[in-house]
Amino acid sequence: MASIDEELRLDAEQDEREVAYIMQSLPTELKEAFTREDLYYMMDTIVEYYYESGVLESDSDEVDIDLQQVADYVCRRAKEDKVGNFSPEEVFFVAQADLDFQEQEIE
C-alpha cells in the first residue's frame, strides 16, 4: 500500500501528464488561450460536474456525456469563482481532450 505522500505524488504526476495532453490536443489557435492554472481549474471543475450531474452513478457501461453541458458548466463556475471569463466554444475542446485522456487511462 502506497503512503499518502506517494499517492499525492502520483496524482500530481498524472495531472501533469493530463495538462500536457490537453495542451497538445488543443487547436493551434487555442494553445496560448489558457494557462496551465486555467487547465488545472478546468480539470477539477469537470470532475466536479461529473459528480454533481450524476453521470458517474450510471450502471451502464456506456455513459453519454454532453460535452457542451460540461463546457457550459465550467464557464459558469469560472465566472462565479472569478477565475476567468471563458468561452464555452473554447472550453469544449478542453472537455473533449480531458475525456479522451481519461478514456486512455482506463484502457
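Is Ile4 buried or exposed in this predicted model? Ile4 is exposed, with a relative accessible area of 65%. Exposed means over 50% relative accessible area, buried under 20%, and partly exposed in between (1.4 Å probe, protein chains only).

This is a predicted model, in which local features need pLDDT of at least 70, side-chain atom pairs count only at pLDDT 80 or more, and totals for chains, interfaces and linings use all residues. Residues are numbered from 1 along each chain as its sequence is written, and side-chain values use heavy atoms, with hydrogens and water left out.

**View 1. Ile4 in helix α1.** Ile4 has its place in helix α1. Helices are DSSP runs (H or I, at least four residues), numbered from the N terminus. Ala95 is 91 residues from Ile4 along the chain. The C-alpha atoms of the two are separated by 29 Å.

**View 2. The largest nonpolar core.** This core holds 28 residues. A nonpolar core is a set of buried Ala, Val, Leu, Ile, Met, Phe, Trp, Tyr and Cys residues joined through side-chain atoms within 4.5 Å. Phe34, Met42 and Val91 touch the most other members. Two or more residues come from each of α1 (4-25), α2, α3 (67-80) and α4 (88-106). In soluble globular proteins, nonpolar side chains tend to be buried together.

**View 3. Contacts of Val91 and Val74.** Contact means heavy atoms within 4.5 Å. Leaving out residues up to four places away in sequence, Val91 touches Phe34, Met42, Ala71, Val74, Cys75 and Phe86. Val74 belongs to helix α3. Val74 is buried, at a relative accessible area of 0%. With the sequence neighbours up to four places away again not counted, Val74 touches Met42, Thr45, Ile46 and Val91. Asp5 is 69 residues from Val74 along the chain, and their C-alpha atoms are separated by 29 Å.

**View 4. Aromatic pairs.** The structure holds 5 aromatic pairs. Rings of Phe, Tyr and Trp (its six-membered ring) pair if their centres lie within 6.5 Å; planes under 30 degrees apart count as stacked, over 60 as edge-to-face and the rest as tilted. Phe34 and Phe86 make an edge-to-face pair, 5.7 Å centre to centre with 70° between the planes. Phe34 lies in the loop between α1 and α2 and Phe86 in the loop between α3 and α4, so this pair ties together parts that are 52 residues apart in sequence. Both Phe34 and Phe86 are buried. Tyr49 and Tyr50 also pair edge-to-face, at 6.0 Å centre to centre and 65° between the planes. Tyr49 and Tyr50 are buried. Ring pairs join Tyr49, Tyr50 and Tyr73 in a cluster.

**View 5. The Glu16–Arg36 salt bridge.** The whole structure contains 6 salt bridges. A salt bridge is a side-chain nitrogen of Lys or Arg within 4 Å of a carboxyl oxygen of Asp or Glu. One of them joins the side chains of Glu16 and Arg36 (2.5 Å, N to O). Glu16 sits in helix α1 and Arg36 in helix α2, 20 residues apart, and the pair links distant parts of the chain. Glu16 is partly exposed at 36% relative accessibility. Arg36 is partly exposed at 35%.

View 6. Arg77 forms a salt bridge with Glu48, and their closest N and O atoms are 2.0 Å apart. Arg77 lies in helix α3 and Glu48 in helix α2, so the pair ties together parts that are 29 residues apart in sequence. Glu48 is partly exposed, with a relative accessible area of 25%. Arg77 also bridges to Glu80, the closest N and O atoms being 3.5 Å apart. Glu80 and Arg77 both belong to helix α3, 3 residues apart, about one turn of the helix. Salt bridges link Glu48, Arg77, Glu80 and Asp81 in a network.

**View 7. Lys82 and its backbone angle.** Lys82 lies in the loop between α3 and α4. Lys82 has a positive phi of about 55°, although it is not a glycine. Most residues other than glycine have a negative phi. Lys82 is exposed, with a relative accessible area of 75%.
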